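Please study the sequence and the structure before reading each solution.

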Amino acid sequence: MPIQRLPNQLINQIAAGEVVERPASVIKELIENAMDAGAKMIEVDAEQGGVRLMKVRDDGCGIPYDELGLALSRHATSKISCLADLETVASMGFRGEALPSISSVSRLELISRTAEAECGWSISTEGQDEQFEPKPATQQIGTTVNVQDLFYNTPARRKFLKTEKTEYGHIETALKRLALGRFDIGFSLRHNQKDIFKLKPANSKSDKEYRIGLVLGSNFIENSVIVDFETAGLHLWGWVGLPTFSRSQADMQFFYVNGRLVRDKLVSHAVRRAYQDVLYHGRQPVFILYLELDPAVVDVNVHPAKLEVRFRDSRLVHDFLYRALYKTLAADRPGMPDESVQDLDTTTIPPVAHSRRMLPAQAPLPLNVAEAIETYGELRDERRPTPPDVVSNKKVEDDDSIPPLGYAVAHLHNIYILSESKNGLVLVDTHAAHERITYQKLKQQNDAEDVLSQPLLLPIRIQVSEKDAELSEGFHNEFKRLGMEVDRSGPETLVIRSIPVLLDGVDPETLLRDVLSDLNQYGESSRIEEVRNQILSSIACHGSVRAHRRLTQMEMNHLLREMETTEFSGQCNHGRPTWVELSKNDLDRFFLRGR
């Protein structure tokens, strides 16, 4: 077959294969156009899962009469005009592909009116590349796009569509995700002439939380922590679910970059690292996060559907996300005030505000429970005055000096500490709480000291790619700091000469290959720290107070005070909760008091 120029209609249909996957893809593209037009209210109607009809109406600036036909032309856009515009694009769309692609596989009608026009104008197309003659039409200021019979002229594509219920579900999900990205815009959805929901612009905190509840469930806000960090031109804000509020799948993770929902491996890796010490095995965190930065330092021209981005300084973004989320989760401790100020990094990271259970900066930790056992006999001597930790709790309600977790009352079944707090009753899992405290201390001690390295009797030679060999040379000092000596002995050969003492028994070759894989993909690796932490976690588990060991009142109060000053004390090393609180109102409801 000779080389020939493809017809414009076929070009648009090929592009539609990338942009228009299903009815939900059409809705997404049309709503993003409405957002760029400055709409404050966007209405969506769909019939038969969007296959028969999709209608998107907005109250934006509208399209002038003489530009209507151009709007359906390929690579025609008002968003950019030169390369400089593309490199700093802040709009949701910019390729000029959506409308012509949609019109090539459907029967499309475009109706629009600007504020200066006396009436609206419309153009129609049925999958053909043609000259458009606008006709007068009734239309308020803004734009309406009617899309009928999707894929009617490409039956092979139509066969891949699912049932009406499934396609409608994708439309509803797409609309909710877009609504989470722009709280300042109102949205409504109708399906088969039935109102599904209507969201007014969410300017208040309660309205924003209502929107979030639509997607993540009404109990997400109650089980989340507010994130708000800003530094070096990066601003991260939003909500992250507590480790105990997790999922078996990664289906409730929403990350927006300058208002655009994206899926990014770099972001996922930073989030996983922040949760690595607190999430139950195999569980996925829940979050909705917004990253705002200069459009010039993020490339959105990566994927036709604009689901992927590329950061100019990916290492900076990764470290910022990890440290911000890590500090937020670590600060979730009993009694932390709502308006507390936490510095993530004294040189680069500004204050962060939290929404629930938090505490001031960590104070020096007291002795371990095990280390204080010898003193308990003396402290329990009846001739000695009662220590302040074990005074009567009769005035707990009136005493503002009561610590967040209160004072121990009993050790239930030799497993749970029952404590009376200012707000009600606190139940603590003794082993889980002490395990977390011990683990954090071991990590602090290990981080504060030089990592002990153990030379291998027989150095291990491994074959890698030339790229990996060069990469290992660049990170030679980083390997050494972590206690692992790796040298390059040839173009594609590495030699492992020593490993950290703590990692004795771990396969060095597998560990090094995993580290190099991470360095290639993310520019950093936490594999060595993760393996080290697993070992420290195991040591902490075996060295902590065991269940059914009876604790004295002094020991229990001692443990409560340590929990209040320990990072991540809300969960044990395996992600299980360490404590719960029943308020006085909760207790009253149990006994129908106040009714």
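**Exercise 1: Two helices in contact**

In this predicted model, the axes of helix H12 (residues 430-448) and helix H16 (residues 527-543) come within 8 Å and cross at roughly 135 degrees. Determine how H12 and H16 are oriented to each other, and state which residues make the contact.

*Solution.* 
Step 1. An angle over 145 degrees would count as roughly antiparallel, and 65 to 115 degrees as roughly perpendicular. The crossing of H12 and H16 is at roughly 135 degrees, and the two helices are therefore oblique to each other.
Step 2. The crossing in which H12 passes H16 is right-handed.
Step 3. On the side of H12, the contact is made by His431, His434, Glu435, Thr438, Tyr439, Leu442, Lys443, Asn446 and Asp447. H16 contributes Arg532, Asn533, Leu536, Ser537, Ile539, Ala540, Cys541 and Gly543.
Step 4. Sorted by class, the contact of H12 with H16 has 6 nonpolar, 7 polar and 4 charged residues.

**Exercise 2: A further partner of H12**

Describe the crossing of H12 with helix H17 (residues 553-563), including its handedness.

*Solution.* 
Step 1. The axes of H12 and H17 come within 10 Å and cross at roughly 55 degrees, which makes H12 oblique to H17.
Step 2. This crossing of H12 and H17 is left-handed.
Step 3. Thr430, Ala433, His434, Ile437 and Lys441 in H12 meet Leu559, Glu562 and Met563 in H17.
Step 4. The contact of H12 with H17 divides into 4 nonpolar, 2 polar and 2 charged residues.

**Exercise 3: An open sheet**

In the sheet with the order E19-E21-E20, which strands stand at the edges?

*Solution.* 
Step 1. The sheet is open and consists of 3 strands, with antiparallel pairing.
Step 2. Strands E19 (453-463) and E20 (485-490) are at the edges; each has a single partner strand, so one side of each lacks a neighbour in the sheet.
Step 3. On average, neighbouring strands of this sheet are turned by 20 degrees against each other, direction ignored.
Step 4. E20 pairs with strand E21 (residues 493-500) over 5 bridges, and Asp487 stands opposite Val495 in E21.
Step 5. Helix H13 (residues 466-474) packs on the sheet and touches E20 and E21. The direction of H13 makes about 135 degrees with that of E20.

**Exercise 4: Confidence**

Over which residues is the pLDDT below 50?

*Solution.* 
Step 1. The protein chain averages a pLDDT of 81, and 84% of the residues score at least 70.
Step 2. The pLDDT is below 50 over residues 338-397.
Step 3. Where pLDDT is low, predicted coordinates should not be read in detail.

How values were computed
Residues numbered from 1 in each chain as written. Predicted model: local features only at pLDDT ≥ 70, side-chain atom pairs only at ≥ 80, totals over all residues. Heavy atoms only, no water. Axes fitted to C-alpha atoms, helices over the stretch in contact; angles between N-to-C directions. Helix = DSSP H or I, 4+ residues; strand = E, 2+ residues; numbered from the N terminus. Parallel < 35°, antiparallel > 145°, perpendicular 65-115°, else oblique. Left-handed = near helix turned anticlockwise from the far one by under 90°. Contact = heavy atoms within 4.5 Å. Nonpolar A, V, L, I, M, F, W, Y, C, P; charged D, E, K, R; others polar. pLDDT = per-residue confidence, 0-100. Pairing = 2+ DSSP bridges.
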